[in-house]
Amino acid sequence: MGEVRRKPNVFEMILLVIGIALIIIGYAAIHRLVAVDGAISWAFLQTTFLWLLMILMVILTAVNENMKEELKMVIENQVEEIKLLRIDLKKKR
């Protein structure tokens, strides 16, 4: 059976822009922090950890949205299949 491709929705596009901006701004902040301190400090570790957590949250949100959209497609296909099965069952009676 042919593969059905879906287009990204507006939420996913906004999430992509936010994710790219988060990566760039976070990297700049961490780079500036290292440039000022000159070595690894407690603030550097905190900032890096929080930055990675934020990136992880954006990724998890994107995966969740993708699963929701694909589950919607699966449910629609199952509803169509059930309709066809009902029609077939009525013909056999």
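Predicted model: local features only at pLDDT ≥ 70, side-chain atom pairs only at ≥ 80, totals over all residues.
Visitor: How many helices and strands does the chain have?

Guide: Helices are DSSP runs of H or I with at least four residues, strands are runs of E with at least two, and both are numbered from the N terminus. Counted that way, the chain comes to 2 helices and 0 strands.

Visitor: Which way do α1 and α2 run relative to each other, roughly parallel or roughly antiparallel?

Guide: Helix α1 covers residues 10-37 and helix α2 covers residues 42-92; their axes sit 10 Å apart at an angle of about 170°. Axes are lines fitted to C-alpha atoms, for helices over the stretch in contact, and angles run from 0 to 180 degrees between N-to-C directions. Angles under 35 degrees count as roughly parallel, over 145 as roughly antiparallel, 65 to 115 as roughly perpendicular and the rest as oblique. The pair is therefore roughly antiparallel.

Visitor: How many nonpolar residues are in the contact of α1 with α2?

Guide: Contact means heavy atoms within 4.5 Å. On the α1 side the residues include Leu15, Leu22 and Ile30, and they meet a set in α2 that includes Phe44, Trp51 and Ile55. Ala, Val, Leu, Ile, Met, Phe, Trp, Tyr, Cys and Pro count as nonpolar, Asp, Glu, Lys and Arg as charged, and the others, Gly among them, as polar. By class, the contact has 2 charged, 6 polar and, to give you your number, 15 nonpolar residues.

Visitor: What share of the residues counts as buried?

Guide: Buried means under 20% relative accessible area, exposed over 50%, and partly exposed in between (1.4 Å probe, protein chains only). Of the 93 residues of the chain, the buried share is 14%.

Visitor: Is Glu65 buried or exposed?

Guide: Glu65 sits in helix α2, where it touches Asn9, Phe11 and Glu12, leaving out residues up to four places away in sequence. Its relative accessibility is 10%, so Glu65 counts as buried.

Visitor: And Glu12, which residues is it in contact with?

Guide: Glu12 belongs to helix α1 and counts as buried, at 14% relative accessibility. Setting aside neighbours within four places in sequence, its contacts are Arg6, Glu65 and Asn66.

Visitor: What about Glu69, which residues does it touch?

Guide: Glu69 is in helix α2 and is buried, with a relative accessible area of 18%. Not counting residues up to four places away in sequence, Glu69 touches Arg6 and Asn9.

Visitor: How far apart in space are Met73 and Arg6?

Guide: Met73 lies in helix α2 and is partly exposed, with a relative accessible area of 26%. Met73 and Arg6 are 67 residues apart in sequence, and C-alpha to C-alpha their separation in space is 9.4 Å.

Technical notes: Residues numbered from 1 in each chain as written. Heavy atoms only, no water.
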